[in-house]
Amino acid sequence: MTYIGEPNYRHGSLHSLGVLITNLGTPDAPTPQALRRYLKEFLWDSRVVEVPRPVWWLLLNGLILNTRPRQSAAKYARIWGKDGSPLLTITKAQGQAVAQRVAERLYGPVKVAVAMRYGNPSIRSGLEELRRAGARRILVLPLYPQYAASTTGSTFDAVTRALSEWRWVPETRFVMGYHDDDAYIDAVAASIREHWATHGQGERLLFSFHGIPRDYLDQGDPYHCYCQTTARLVAERLELPEDRWLVSFQSRFGKAQWLTPYTLETIVGLPGQGVKSLDVVCPGFSADCLETLEEIADESREAFIEAGGERFSYIPSLNTRQDHTDALADLICRHVQGWPEADENYDREAQRETGELIRARALAMGAKN
């Protein structure tokens with residue numbers, strides 16, 4: 001094993017705080033070839049699919065990767081923008097906004113990098129960007145408000161796996177979730193109010209979260225509870241009676257039972273209960289993506305109308321709203337407390353002078369640089 005090191009390290013260099021903001025990922029292009037690469041990486045993750053590897057290898061390579069890429073590519077093509085995948089472009093913009101806000105609030109040097117758990121830019125490349133910037137302390141912020149082993153847990157795996165290859169491992173912290181964070185809840189509620197002010201209010205508000213297999217919940221994953229908590233807190237901010245809002249779970253994959261009720265079944269069933277206008281919000285998605293733009297705003301809208309509904313309105317994800325990026329910056333600033341860059345007494349000039357003394361001593365002892 002050859003570890004990633006710095007043979008030309010300059011003693012006394014000024015170290016910095018690194019922040020790695022991550023999201024799920026996206027294919028490089030809306031093509032079957034790109035989707036096959038992306039899905040192979042995504043679906044082979046044992047955190048995502050907890051099936052014995054030999055059995056899953058046969059299913060994945062013998063069936064799924066020979067059929068699903070073409071189907072998914074067609075859907076991605078419908079949402080692909082001039083700058084590429086919405087998820088990637090939005091996450092990059094979020095990173096830039098958060099970097100500016102964090103730099104204004106912290107006292108030492110901070111470098112923010114964006115990475116995807118699957119696809120590009122990879123977590124490995126994001127960490128390398130921070131290493132080159134001199135980050136000796138790294139905070140990882142996965143943009144999943146509700147912790148799940150298949151999302152946040154998988155990100156932890158990928159980060160620690162990459163860092164295990166470094167010779168000088170940085171001090172590392174993780175934000176493991178923020179499902180009940182006040183600023184995040186306020187931002188979701190504000191986005192709904194603003195949407196209603198422009199488009200009117202439906203008879204029901206549906207909170208749709210990405211699903212996970214029911215078995216994961218039974219084995220102790222807290223995700224279901226966190227989703228319910230988020231929805232309840234937002235409904236309380238909006239002062240909605242209990243009969244005006246409901247929770248469901250989307251994006252089911254395979255034949256196993258997933259968290260219920262299922263979003264599509266819920267949406268199709270509402271017109272038969274007399275609900276003719278429906279608003280849908282997806283607070284588990286920090287940025288609009290295939291699951292929100294195609295599955296909810298397009299496919300679910302069509303299904304609701306076909307079932308007898310009259311008005312369907314998708315409320316966009318928080319994306320680059322200022323209250324959202326402010327909330328993320330708040331999370332970061334709270335989680336880096338105790339590190340030098342968060343200390344109001346941090347003095348860059350004093351740090352530089354100390355670094356020069358350290359370098360002089362190192363050179364006197366025979367260091368090369």
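A charge is taken to sit over a ring if NZ of Lys or CZ of Arg is within 6 Å of the ring centre and within 35 degrees of the ring normal. By this criterion arginine 173 lies over the face of tryptophan 339, at 4.0 Å from the ring centre, and arginine 136 lies over the face of tryptophan 168, at 3.6 Å from the ring centre. The structure is a predicted model, in which local features need pLDDT of at least 70 and side-chain atom pairs count only at pLDDT 80 or more, whereas totals for chains, interfaces and linings use all residues. Residues are numbered from 1 along each chain as its sequence is written, and side-chain values use heavy atoms, with hydrogens and water left out.

Residues are described as buried under 20% relative accessible area, as exposed over 50% and as partly exposed in between (1.4 Å probe, protein chains only). Tyrosine 9, at 18% relative accessibility, therefore counts as buried, whereas tryptophan 168, at 43%, counts as partly exposed. The rings of tyrosine 76 and tryptophan 80 have their centres 6.2 Å apart and their planes at 70°, so this pair is likewise edge-to-face. Tyrosine 76 is buried, at 8% relative accessibility, and tryptophan 80 is partly exposed, at 21%. One aromatic cluster is formed by Tyr38, Phe42 and Tyr118.

An open sheet of 4 strands, with parallel pairing, has the order β2-β1-β3-β4, where two strands pair if DSSP finds at least two bridges between them. Its edge strands, β2 and β4, each pair on one side only. The twist in this sheet averages 25° from one strand to the next, axes being lines fitted to C-alpha atoms, for helices over the stretch in contact, and angles running from 0 to 180 degrees between N-to-C directions. Strands β1 and β3 pair in the parallel sense over 7 bridges, and leucine 20 stands opposite valine 140 in β3. Helix α5 lies across β1, β2, β3 and β4, running at about 110° to β2. In helix α4 (residues 123-132), the buried residues are Ile123, Gly126, Leu127, Glu128, Leu130 and Arg131; these pack against β1 (16-26), β2 (110-119), β3 (135-142) and α5 (149-163), contact meaning heavy atoms within 4.5 Å. Glycine 134, which follows α4, has a positive phi, near 85°.

Another open sheet of 4 strands, also with parallel pairing, has the order β6-β5-β7-β8. Because β6 (245-250) and β8 (311-315) stand at the edges with a single partner strand each, one side of each is left without a neighbour in the sheet. Strand β5 (residues 204-210) pairs with β6 in the parallel sense over 6 bridges; phenylalanine 207 stands opposite valine 247 in β6, and serine 208 opposite serine 248 in β6. Helix α6 (residues 182-199) packs on this sheet, touching β5, β7 (277-281) and β8, and its direction makes about 140° with that of β8. Helix α10 (residues 290-306) packs on the sheet as well, touching β5, β6, β7 and β8, with a direction at about 170° to that of β8.

A nonpolar core is a set of buried Ala, Val, Leu, Ile, Met, Phe, Trp, Tyr and Cys residues joined through side-chain atoms within 4.5 Å. Of the 52 residues in the largest such core, Ile192, Leu205 and Phe207 touch the most other members. Leaving aside neighbours within four places in sequence, isoleucine 192 is in contact with Leu205, Val234, Leu238, Val281 and Ile315. Apart from this core lies another, of 17 residues, including Val275, Cys289, Ile296 and Tyr314.

Conventions
Helices (H or I, at least four residues) and strands (E, at least two) are DSSP runs, numbered from the N terminus. Rings of Phe, Tyr and Trp (its six-membered ring) pair if their centres lie within 6.5 Å; planes under 30 degrees apart count as stacked, over 60 as edge-to-face and the rest as tilted.
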